[in-house]
Amino acid sequence: MNELALERKPSILRELMKNHATASKNVVFIGEGLPHPETIPFSEVSFTLKDGTKKVFTGSELVTAINYLPTQGNPKLVQKLREFMDRFHAPLRWEDRDVIATAGSQDGLSKVIEMSLQKGDAIVVADPVYSGLASNVRPYKAQLISAQYRKNGLDTVEMKDKLTAIWSSRSKDVKIPKILYINPVANNPSGHVISDEQKREIYEIACEFNLLVLEDDPYYFLGFQDELPKSFLSMDTENRVVRFDSFSKIFGGGLRAGWMTGPKEIVRIVEMHMQVSVLHASSLTQAIVLQILEEQGWDGFLDYTKNVKEFYRKRRDQMVALADKYLTGLAEWDVPEGGMFLWVKVKGVSDVLAMVMERGLKKDVMLIPGHAFMSDPTKPCPYIRLSYSLVPMEDVEKAMQRLAELIKEEQAIESQK
């Protein structure tokens with residue numbers, strides 16, 4: 001933890017809110033400043049699931065759904081999240097760990113970064129790396145020690161060799177890294193899924209080089225394998241994994257519903273940070289998520305996520321077919337193993353930035369340049385990220401046709417340099 005994190009102290013008011021949530025019903029708390037329900041402009045909040053199930057919040061449930069909560073989260077949801085983690089990850093030693101509800105996984109991730117990093121620190125990452133992480137650490141001028149994705153997964157040999165060289169040289173140019181950031185299932189942007197075997201190798205490397213593992217896994221249920229993968233948290237025997245989960249990809253991104261699981265000391269610092277920033281994740285969102293989980297049950301939840309996964313798998317297949325049709329010979333790609341994206345390397349173009357940001361718009365096609373996901377975004381990059389999650393497939397086909405024309409024109413420009 002950096003000096004900023006070590007200086008954080010509990011908020012007295014927020015600590016009292018936590019105590020009040022678990023206190024006897026006989027306790028009369030005349031110090032809290034919660035708005036009275038009679039001053040709220042609505043009498044109920046309701047939502048309806050696609051199967052027709054309707055949930056209405058009224059009375060005390062409505063009060064809970066729209067009023068202040070303990071910073072850790074709605075106590076019933078926090079307990080449900082612990083059950084969730086036991087059901088899908090079975091982490092060891094709950095007495096050493098805890099969970100906290102966050103406004104999406106990005107919220108918890110950014111707070112752990114802020115409590116850990118100092119200017120110039122080094123972080124171990126997989127390249128390409130999630131743009132949210134890259135943007136988060138940029139103000140710290142962090143040095144990213146990257147290992148590349150290959151055909152058979154992440155290059156763990158490269159990772160270990162780089163760490164060994166850093167530890168051996170003790171160079172002043174590169175600090176000894178203390179964090180390993182990994183997006184293991186359906187890596188954004190490449191769609192790679194790190195195998196259970198490779199996870200064990202990476203975890204052993206983390207233990208050997210004393211790295212805190214930040215397991216950012218919002219696409220966990222969107223890996224296209226038949227079985228759910230093991231998580232780093234499930235194999236963590238040294239209490240060095242902080243895991244970030246999210247309902248964004250399966251319930252809706254705008255809900256901003258996520259949670260963090262990790263060592264109690266780290267969760268506590270994040271809690272104290274939230275006490276003075278957002279106070280807590282949205283009460284209404286937490287109430288909605290809790291009701292969905294209780295309505296579905298774990299078997300129903302699994303059935304639901306399998307349907308979501310199958311939906312994206314079909315769209316993946318459709319986009320790959322369109323890529324085969326229009327981009328063969330112009331670009332190359334691996335078939336995504338999960339997630340929402342196709343990671344494409346354009347042939348004959350050393351840097352796609354001007355092609356995407358300037359000439360692409362003139363052709364009515366918008367893409368994401370690969371620079372946003374590289375450990376060094378200043379270097380020329382031939383990659384682009386395409387998404388098959390939302391746009392109708394007939395529009396995707398139009399975009400692929402335009403992209404093919406754009407690449408041909410760019411190749412012609414490149415050949416004249």
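In the predicted model, the largest nonpolar core comprises 90 residues, of which Phe247, Ile384 and Met400 touch the most other members. Helix 10, spanning residues 283-327, supplies the largest share of this core, with 17 residues. When neighbours within four places in sequence are left aside, Phe247 is in contact with Leu81, Phe84, Gly252, Ala257, Trp259, Val289, Leu293 and Phe301. Another core, of 29 residues, lies apart from the largest one and includes Val112, Ile123, Val125 and Ala142. In soluble globular proteins, nonpolar side chains tend to be buried together.

Some features of the backbone were also examined. Most residues other than glycine have a negative phi, and most peptide bonds are trans. A cis peptide bond, with omega of about 10°, joins Asp127 and Pro128, and Pro128 is found in the loop that runs between strand 4 (122-127) and helix 6 (131-137).

A positive phi, near 55°, is found for Arg93, a residue other than glycine, which is placed in the loop between helix 4 (75-88) and strand 3 (97-102). With a relative accessible area of 34%, Arg93 is classed as partly exposed. Asn239, likewise a residue other than glycine, has a positive phi near 55° and belongs to the loop between strand 8 (212-216) and strand 9 (241-246). Asn239 has a relative accessible area of 16% and is therefore classed as buried, the cut-off for that class being under 20%.

Notes: Residues are numbered from 1 along each chain as its sequence is written. This is a predicted model: local features need pLDDT of at least 70, side-chain atom pairs count only at pLDDT 80 or more; totals for chains, interfaces and linings use all residues. Side-chain values use heavy atoms; hydrogens and water are left out. A nonpolar core is a set of buried Ala, Val, Leu, Ile, Met, Phe, Trp, Tyr and Cys residues joined through side-chain atoms within 4.5 Å. Buried means under 20% relative accessible area, exposed over 50%, partly exposed in between (1.4 Å probe, protein chains only). Helices (H or I, at least four residues) and strands (E, at least two) are DSSP runs, numbered from the N terminus. Contact means heavy atoms within 4.5 Å.
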